[in-house]
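Good morning, and thank you for joining this meeting. I would like to guide you through a few features of one protein chain.

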Amino acid sequence: MKKLRKEEVIAYWKERRERRARILEERRNGAFAQKMKPVYQCMNRFSLIFHALLACLINFAIEAISRHSLVQAWSYMTQTPLVFFYNAFMIFMTFTVVYLFRRRVFTRIIIGVLWMILGICNGYMLMKRVTPFNAQDLKVATDAVSLINNYFNGFEIVIVLVGIAAVIIWLISMWRRGGQYEGKIHRLLAIAGVAVCAMLFSFTTDQAIDKRVLSTYFGNIAFAYEDYGLPYCFMSSVFNTGIDEPNDYNEETIDQITNNGEMAENKTGRASDALPNIIVVQLESYFDVDEAEFFTTSEDACPNLHEMYKNYSSGYFKVPSVGAGTANTEFEVLTGMNMRFFGPGEYPYKTVVKNQPCESAATALSALGYGTHGLHNNGGNFYSRAKVYDHMGFDSFTSKEFMNILQLTPNGWAKDEVLVDNIMEAMDTTEQQDFVFTVSVQGHGDYPEEQLIENPKIKVEGIDDEAKKNKWEYYVNMVYEMDQFAGDLVKAVEDRGEPAVVVFYGDHLPTMGLTAEDLKSRYLYNTNYVIWDNIGLEQQDRNIPAYQLMADVMNRLDIHSGTLFNYHQQRQNSKNYLSDLELLQYDILYGKQYAYKGNPPITEGHMEMGVKDATLTNIVPYLEKGYSLYGENFTKSSKVYVNGEKQKSTFLNNTRIVLPSTELSEGDVITVSQVGSSNTIFRTTDEYIYQGGQLVRQEGTGTDTTKSWTEQENEEK
């Protein structure tokens, strides 16, 4: 190396480049190249036709991968040819850019690889979950590392890395070997061609939507991908989000809709001490299984809810999605907004509400003095709820990171029974009335085709296919336990002795491939709801859409608070009801908020995570090494930090955590944090100084609950 000279290195690489150039030149002038020259000339002359054929081939390939079946891809192509060729046209349009470059082969390969990667990602995602690959997955790419174990095992990770490396090597090779177009490039003509193709595609899209070949509303994003194809649906999730500004949007129009701002007022006809607690429970994938016409159960799967249906207001509950889309039903209930006006397949929790404040049932009821609490026995970051609930004005949010979940379903979801005590604890934190919004998770799929419950309480009869029967039997038994939770919650509320209203509803039908003919209602967007109360409300059975639920509940209680809830109460069944609702939604979320007259109900959040502090009481040596840390309110999500560094720890119970390898020194600072996905710290104890084998608490050094947790998180960043 000492004798190596710079000139020799330069000469070596120059010789290598020249040798490579000679090899490529020999290939271009070789016998095979000469034979293929007329073929290449023909392909260049009719390249548009070959691009169209290539687009059709790629479209078929990505649909086969997405559907995990060549047969289903063939059926899609032959049964809906207009949709198939529309998507092929979209792919074809992307190939028109090759005329701007000399390395046309390489450019075609890049474009083709990108489309194939999209198809492979979607196909793989659908093996692991029911929701297809969409733009929202790209927006949470920073969380990919923390979620990677949910989607890949070790072998699959190796295969993916090898595949990525192979593609990169191949692309580098094709950059060098692909050759260049030798004719004259007419770039202005090429740009004009791309523009014409884009305009033609835009016109085709408008016509396809007008003729209902395509749809701009996805009630179920998984079904939409099957009906309208991966290219259209994915691009819709990228470019078509939010609410477009209506043509007649202006301050005068909003003043007319809101009675010059009166709808933003908050009032009630009840005395403040006569207002009841309001508890709303969203039951994951719940519907009354008696609504299914193709099977029966050995006994009543919903005895508690059926008893409520008989004696309290109930009916069908119209939801915006099927088989998935929990957060969109939740969004409609909490805000009174209609999902139909948003982009196809959009989740506002992942877009607009994740990043800005939005009035909700929490802000409407807190204006009347209610304490407002959210609960969910799943992760606080799931669907960005921790940020969304803060932006919606909740006082607190108790996620699974703050729950001692001892029982899981056979496929790993938390059982709902844990929610009863946590709801009561949230209500105990305030002296006034409470609004509690709870999202359950027990009914979540995927539903197993093998029998996981050895001695099921409820047996399913009438289904011959063994795998299908096992799936429904599993689901029905989850419904039975969810019903037991509903009964236990009502009993706990009754024992509390306070006036209360409890609302139960299902967020969407389960992911079971149901058709309208399978159901008594003959409608896939119906679940069930019931409004239990102990204050003597008149029973009013009727069907209701999700976005009208809270307005209806408040109206029965003589509560008139919140712009959109007041709007529903005053304008239901009126002329231009839906078109004016779209205007109002646009004004509140994307417009200039004329409805508020300069006084929006929420400008920033104030929410704390959890309602109880973890505390430390003692620390003792653990066997020969490490320590046992004792305290209160520990959960499986409690992580121990020493001088800011996370320690290896083992959760034993809500009062003890073992630190098997920690070594402490005099003066070390110990804290315990409730940690969610992506290492998000939701709440931290006061600091404890390790002195003389004891813990000395530093009062006021933990999470400041007078600030929202997101504000403190941003300060730490």
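A nonpolar patch, as the term is used here, is made of nonpolar side chains joined within 5 Å, from residues with over 30% relative accessible area and no salt bridge. Please keep in mind that this is a predicted model.

In this model, Val 160, Leu 161, Ile 164, Ile 168 and Ile 172 form such a patch on the surface. Together they have about 450 Å² of accessible area. Val 160 is found in helix α9, which covers residues 154–177. Its relative accessible area is 34%, so Val 160 is partly exposed.

Let us turn to the annotation. An unreviewed UniProt entry assigns "transmembrane region" to residues 42–62, 82–101, 108–127, 151–173 and 185–203. For residues 82–101, the span is 70% helix and 0% strand, and its end C-alpha atoms lie 31 Å apart. For residues 108–127, the span is 100% helix, with end C-alpha atoms 29 Å apart.

I now come to the backbone. Most residues other than glycine have a negative phi, and most peptide bonds are trans. At 33% relative accessibility, Asp 558 is partly exposed. Asn 679 also has a phi near 60 degrees; this residue lies in the loop between β20 and β21 and, at 55%, counts as exposed.

Finally, the peptide bond from Gly 445 to Asp 446 is cis, with omega near 10 degrees. Asp 446 is found in the loop between β7 and β8.

Note on methods. Residues are numbered from 1 along each chain as its sequence is written. This is a predicted model: local features need pLDDT of at least 70, side-chain atom pairs count only at pLDDT 80 or more; totals for chains, interfaces and linings use all residues. Side-chain values use heavy atoms; hydrogens and water are left out. UniProt positions are given in the numbering used here, feature names are shortened, and annotations may be inferred rather than shown by experiment. Helices (H or I, at least four residues) and strands (E, at least two) are DSSP runs, numbered from the N terminus. Patches are made of residues with over 30% relative accessible area and no salt bridge: like charges are joined within 9 Å, nonpolar side chains (Val, Leu, Ile, Met, Phe, Trp, Tyr) within 5 Å. Accessible areas come from the Shrake-Rupley method with a 1.4 Å probe; for residues, only the protein chains shown count as cover. A salt bridge is a side-chain nitrogen of Lys or Arg within 4 Å of a carboxyl oxygen of Asp or Glu. Buried means under 20% relative accessible area, exposed over 50%, partly exposed in between (1.4 Å probe, protein chains only).
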